[in-house]
Amino acid sequence: MKPNAELQHPGLRADVVLYSLLHSYVLGHDAMKRMQSSNILVSGLRGLGVEIAKNVILGGVKSVTLHDQGQAEWRDLSSQFYLREEDLGMNRAEVSRIRLAELNSYVPVVAYTGVLIDDYLTQFQVVVLTNSSLEEQQRVGDFCHSNGIKLVIADTRGLFGQLFCDFGEEMLVIDTNGEQPLSAMISMITKDASGVVTCLDEARHGFESGDFVTFTEVQGMTELNGCQPVEIKTLGPYTFSICDTTGFSDYVRGGIVSQVKMPQKVVFKPLTVSMAEPEFVMTDFAKFERPGQLHLGFQALHSYQRKHNRLPKPWCQADGEELVSLAKEVNSGQTGSAKVDELDDKLIKKLAFVSAGDLAPLNAFIGGLAAQEVLKACTGKFMPIMQWLYFDALECLSEEEGGAMLTEEDCAPRNSRYDGQIAVFGSQLQEELAKQRYFLVGAGAIGCELLKNFAMIGLASGEGEVIVTDMDTIEKSNLNRQFLFRPWDVTKMKSETAAAAVKQMNPSIRITGHQNRVGPDTERVYDDDFFESLHGVANALDNVDARMYMDRRCVYYRKPLLESGTLGTKGNVQVVIPFLTESYSSSQDPPEKSIPICTLKNFPNAIEHTLQWARDEFEGLFKQPSENAMQYLTDAKFLERTLKLPGAQPLEVLEAVYKSLVTDCPHSWADCVTWARHHWQCQYSNNICQLLHNFPPEQLTSSGAPFWSGPKRCPHPLEFSTSNVSPLPPVPVSPPCLRPCLPPCPRVSFRVSPPPCARVSFRHLHMDYVMSGANLFAQSYGMQGSTDRVGVAKILDSLSVPTFVPRSGVKIHVSDQELQSANANVDDNRLEELKALLPGPEASSHFKLTAIDFEKDDDSNFHMDFIVAASNLRAENYHIPPADRHKSKLIAGKIIPAIATTTSAVVGLVCLELIKIVQGHKKVESFKNGFMNLALPFFTFSEPISAPSHKYYEIDWSLWDRFEVKGLQANGEEMTLRQFLDYFKNEHQLEITMLSQGVSMLYSFFMPAAKLKERLMTEIVTKVSKKKLGKHVKALVFELCCNDLTDEDVEVPYVRYTIR
């Protein structure tokens, strides 16, 4: 495979990084490198073991060994997605190896069916035990702890899960939370025994007491620059204190304070010790006592298995009573903190009743968590689970307390692939699952996991159907987490490929793949008949607009919606139930903070600013001009529309068209190089010179403060060179006098790493810019480009670039407010001149301009080459530390970091909610919205928020309610507007003052009375909206403004007006 220049990082295999690109955005280069030296053993290849192995292999470790001495059984098929019915009786590890190995060709996968003797364990850095006896756990645990091998024990029993971690006597966690280090700009530092640092009040600093920080660019108190990390104490949202600064120079101005991630040592107890003195990570704070109870319950299960050589029978009362007795014996034998005052007999009985079960959703959740712990053990990235985690989903059982107790007969094995699920829920739920008709929107990472779980639980395996739609094709970067796809699937449609893959897992699932985008344009496909036939919808989307659209559709058609999302190690689940909960759109995240225009144009102070500027450059050079020029040539009304644009836009657009078609139009490759060189000069030298002419470095504001201070960084122009290397100044080293004042980091030695500007090599940025810019410019004109740098250098050496002289009278806006209040003066004479100079439509045959859409993932198309060069050159202008290609792609490409472990865990929770919906749960407290951050680790669950209630007269209503009005009357004629208004006045005592449909106003109270009587409702809609009603439209939605009998405004539901 050809090496990929994507990430120039020593020791990291570039091909692997391409495969695991989004994992690397979550974990970082160094962590990925450490993973590639880790050999992992996964013991137990039932549903939980295969889930862990899948996620670890996708993560990109050195090797994975699968261990299992057991043969595939019917109950394994409930959740072991790489076993088929024809594999029954065969060794689980050997059968699974072939299919697991396909997930990541860079990770060798081998099967081992022997005994786990001590010598065999020594070759592994991490050992994972699932489906193992307590005796084996203790033996392997003691050996691993004393030999520096990290251990993860995971187990699921029906609706219960257990996880244990032992990463040795001393583990160094490099990054405890995975968040980007914070930074803030400084406005003042005092000279005190505890110096007080005040940050600019543009934004809160975000630091916490106990954080460590370092400083750069401080003027005056230069002793702080490049200092070793110093611990802080927060005093307020904009202030914090540091060390003794009384011996330092006086602070003058400026400076940036940056958070430093400090390594943290964590100590683990071996399994035998931790069993007696357990520490728990809470998964649900509403079940605070439960971990201690389940800690004893799982030990009692081991005792039961040892005694009977089997688990308790599903829903067997006698076995349940015996497990309670065994749990009491375990509790009475405890001498440490594991002992509880009173055993929860009901809970232990339920553990007995369902322990023989094997549920795919629970395995997905616990398996995702366990795999993340493996990655933590390999990398030292993120805080491990300390040391026990217990989870249960008992809310999935019947809401009838005691009234709907399942029987042994209901849950007895049937030699069915669903035996593991029937053991928990009985056969009736299985029949209901088979009838379900579900719409899955999206077949990406979450979509793939959902489909796998749907297949395992038997959703739509009978009369039902799963319809999955996704308009995207498979890309190589998808393979690291969209696990249904293989390298040979690249370029195929996601939905069809995913549907075929899960049919292999469960041939009974009825599934259809579509390639449609959901939205108003596809409402002819996903119409009333389609939605009314559904039992529910599951979103697997990556943008808020599509989520809100689907949410509106589900509210309108009153269908349950399963909503989820991930961002790196963070994940959330929301369940929307008709007439019970609020909808997804009921609460929204705050909008993303946008970068002010003037900051982008003239005053950047962070690499994010220069990257956004570079993206805007790309659009403004290689997309918009070509689009406008071709529209001018091919659309007769383009000029007319352009001249109607507000402000200076007409002049700007026509100037750009004139440049594209006349002044800048290239005729040769040399012309493209010349254009790129002149544009470089304009952006990185001339414009900066003009800015400094308007605002010299010594400029003061009206208040006497330096203009170039705070967020405004004083730039410098660049000088072009074909042989340039673009270094930034070395990191200033603090003088010795500071060292005694700073406390050392407790327990660990720490060496300050230089910031990115000191250790990232950015060679030949000038030539990179010209090469990429010239090639993109050539592409936009349909011309052949070149990668001959020597030839380009010769062209550049022969060019003469005019000397720039700054102009007086040029207005540069300092703030967006100033920009908005400025009056745009339009030069009418120039407009007329341009209209005369522009070529006529007959010239269209001479031009073949192509608008270039930005594509970040193709390293041969010059797109990211241009972005990286353009951004880092501007960063050099403003003394901003640059970003490597990896970080640039993350920010400029607006990539959402993704990792298989989080996706797996989130989807497990989603499918637990699905089971509740199918069972017909009606109580809001039965459902769980969830949020997790696997990096911390942190989990929180809450019952969904009830739908907000409104009232008019004595009638309560929520977002799920509406007025149902039949447009066709008994005589077969449709309502007129007058009849519609009268209907509400007579039937609901409401006087309609305003009526609208979408953005169209249909009626207001001041309309002439004559118009009310004669016009049919559908005629009004068609006339006002200027759109014909499609034959697929069965009903219209009207919004009302109403007065009650007292003439007061009242808020009322919308109207569903049925016309067919």
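This report walks through some surface patches, an annotated residue and several salt bridges in a predicted model.

## About the model

Residues are numbered from 1 along each chain as its sequence is written, and side-chain values use heavy atoms, with hydrogens and water left out. Because the model is predicted, local features need pLDDT of at least 70 and side-chain atom pairs count only at pLDDT 80 or more, while totals for chains, interfaces and linings use all residues.

## The annotated cysteine

Let us start with Cys598, which the UniProt annotation "active site" (unreviewed entry) covers; such annotations may be inferred rather than shown by experiment. Cys598 sits in helix α20, residues 597–601; helices are DSSP runs of H or I with at least four residues, and strands are runs of E with at least two.

Is Cys598 buried or exposed? Its relative accessibility is 5%, so Cys598 counts as buried. Buried means under 20% relative accessible area, exposed means over 50%, and partly exposed lies in between (1.4 Å probe, protein chains only).

## Two surface patches

Patches are made of residues with over 30% relative accessible area and no salt bridge, joining like charges within 9 Å and nonpolar side chains (Val, Leu, Ile, Met, Phe, Trp, Tyr) within 5 Å. Asp472, Glu475, Asp542, Glu855 and Asp858 form a negative one. Asp472 belongs to the loop between β19 (465–469) and α17 (494–505), and is partly exposed at 38% relative accessibility.

A nonpolar patch brings together Phe285, Phe288, Phe931, Leu936 and Phe938, with about 480 Å² of accessible area together. Within it, Phe931 is part of strand β24 (residues 929–933) and is partly exposed, at 32% relative accessible area.

## Salt bridges

Side chains of opposite charge can pair when their charged atoms come close. Here a salt bridge is a side-chain nitrogen of Lys or Arg within 4 Å of a carboxyl oxygen of Asp or Glu, and the count comes to 55 salt bridges. One of them joins Arg306 to Glu135, with the closest N and O atoms 2.4 Å apart. Arg306 lies in helix α9 (residues 290–308) and Glu135 in helix α7 (residues 134–146), so this pair ties together parts that are 171 residues apart in sequence.

Another salt bridge links Glu640 and Lys644, at 3.5 Å between the closest N and O atoms. Glu640 is partly exposed at 45% relative accessibility, whereas Lys644 is exposed at 65%. Salt bridges that share partners also join Arg46, Asp68, Asp76, Arg92 and Asp358 into one network.

How values were computed:
Accessible areas come from the Shrake-Rupley method with a 1.4 Å probe; for residues, only the protein chains shown count as cover. Lys and Arg count as positive and Asp and Glu as negative; His and the chain ends are not counted. The place of a charge is taken as NZ of Lys, CZ of Arg, CG of Asp or CD of Glu.
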